[in-house]
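Q: Could you walk me through a few features of this protein model, one topic at a time?

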Amino acid sequence: MVTFKVSRVETTPYDGQKPGTSGLRKKVKVFKQPNYLHNFVQSTFNALTAEKVRGATIVVSGDGRYFSKDAIQIIIKMAAANGVRRVWVGQNGLLSTPAVSAVIRERVGPDGSKATGAFILTASHNPGGPNEDFGIKYNMENGGPAPEGITDKIYENTRLIKEYLIAEDLPQVDLSSIGITSFGGPEGQFDIDVFDSASDYVKLMKSIFDFQSIHKLLACPKFTFCYDALHGVAGAYAKRIFVEELGAQESSLMNCTPKEDFGGGHPDPNLTYAKELVARMGLSKSESSIDPPEFGAAADGDADRNMILGKRFFVTPSDSVAIIAANAVQSIPYFSSGLKGVARSMPTSAALDVVAKHLKLKFFEVPTGWKFFGNLMDAGLCSICGEESFGTGSDHIREKDGIWAVLAWLSVLAYKNKENLSGDKLVTVEDIVREHWASYGRHFYTRYDYENVDSGAAKDLMAYLVNLQSDLPEVNKIVKGACSNVSNVVHADEFEYKDPIDGSIAKHQGIRYLFEDGSRLVFRLSGTGSEGATIRLYIEQYEKEPSKTGRESHEALAPLVEVALKLSKMQEFTGRSAPTVIT
């Protein structure tokens, strides 16, 4: 057995290694600075209790973006030096973020071991490549992201770090070959277990959904399907699930070969960046003579986000989670005994609230960040949850799950069409959404993203909006000046959340202006970019009059958009006359 020695290497801190809502994200060139990654990894080990490191089993994998392979080898050497007993790595270093959560929760190693946590190497929906983004985050033994108590410790450690431990002489591990490689170290044996990336996750999905009924739907000649992985890690699962398990045609898979630079694209499943899928589904501006498929979906880089499309029809993420919740008990075996409760992030539209009220379900509104859902799930209070930023999931794991959301929609379609597969016309995605609006009302919704804004300007804008909240008469004067037929603002605040489980308080979670008719404007600074600041503006209008729910979204929201831009002085503060992305 090859043996290794442990080295203590002196280092100095780097500024700015504060993990955001989803870990630390920076440009690749930043991560490639001497000891930059090493400092963060050692600071993470130092933030964990001894039993979660020494003698423990951890997972190290990610979405396969540029620099991942180098980073995995570095983390393996540091894990060995810090007394970790086993490192599990997905074949070729690939595991989707939801699959990592599933592996922590479900996988049992050949020797009976269970993982206590994971380093996930991803910058999610951000671009990849030598000049693009890289990211790292740590997930805990419940499969969910590290809570703020841990991330705060990590950050504190990065500011004080003086040395890191590494096994420099540990040989590079062949990540392409499945199997266990063992080494000897000062504290005994150290194993690296390279395992199949998909099998644990596929097994979990088969325990949740009725694959037989989805298979029947996909076998129906009238039902056509396409799935776009945007060259992210979802491609490692798409063929196994959709083609081998569910019988879809291989031609229905688009961009399903994972690539380090996501094929030069931006792996963000929205109407702006998933251009090829949007065109195929008949939603691009250019006319096409080809009849679009009945159902289309896309994933982001690490496969935790999803976009759902019908033929020439876009389903907003806020509507998507509400519709899944409204239909879950009948359509998905995992939920057949009922839902424990539902939850959404604060900026997400209130479509889910209406479903919860109608079905008499526990309902929670939480800050942005999946870890807040995890506490509710661990306490048995939440079954289904979602975010407007194309994240949907359930208590089967502790991360959002893009492929789960696609299978949930296929389950609802299979249920609605179970007596109809040989009929003339199938119930479509659009039919299901319009039927939902007729029952629950419609939440017209849009999000404006202003990316890479000067950080100082972004902070000034947010401070201005907070100050303005103390004078509602002045707010309403600005509102009426912008658009006289918009109703009055009746409440304005900065969203604050007290966790019902652990009592922790999350402050400054977004600036809200709430209108008399149930409309909302929300302003937030996002923590998912790698440089500059991203200002997110959320605009929502509720309409329960059935004759008005079919209006074009941009038409229904135009007055509120005008109000939001005037109220915030967006152009004055940022110099931007238009957002970078509209979803």
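**Cysteines, a sheet and a helix**

A: Let us begin with C385, which counts as buried, at 0% relative accessibility, and please keep in mind that this is a predicted model.

Q: Okay, and how many disulfides does the structure hold?

A: The structure holds zero disulfides. A disulfide, in general, is a covalent bond between the sulfur atoms of two cysteines.

Q: Switching topic, in what order do the strands of the open sheet come?

A: Six strands make up this open sheet, in the order β20-β23-β24-β25-β19-β26, and their pairing is antiparallel. The edge strands are β20 (489-494) and β26 (581-582), each of which pairs on one side only.

Q: How many bridges join β20 to β23?

A: Five bridges join β20 to β23 (residues 511-515), and the two strands run antiparallel. Within this region, D493 stands opposite R512 in β23.

Q: Last one: where is D200, and what is it in contact with?

A: D200 lies in helix α6, which covers residues 199-208. It is buried, because its relative accessible area is 18%, and the cut-off for buried is under 20%. Apart from neighbours within four places in sequence, D200 is in contact with V103, R107 and F195.

Methods
Residues are numbered from 1 along each chain as its sequence is written. This is a predicted model: local features need pLDDT of at least 70, side-chain atom pairs count only at pLDDT 80 or more; totals for chains, interfaces and linings use all residues. Side-chain values use heavy atoms; hydrogens and water are left out. Helices (H or I, at least four residues) and strands (E, at least two) are DSSP runs, numbered from the N terminus. Buried means under 20% relative accessible area, exposed over 50%, partly exposed in between (1.4 Å probe, protein chains only). Contact means heavy atoms within 4.5 Å. Two strands pair if DSSP finds at least two bridges between them. A disulfide is a pair of cysteine sulfur atoms within 2.5 Å.
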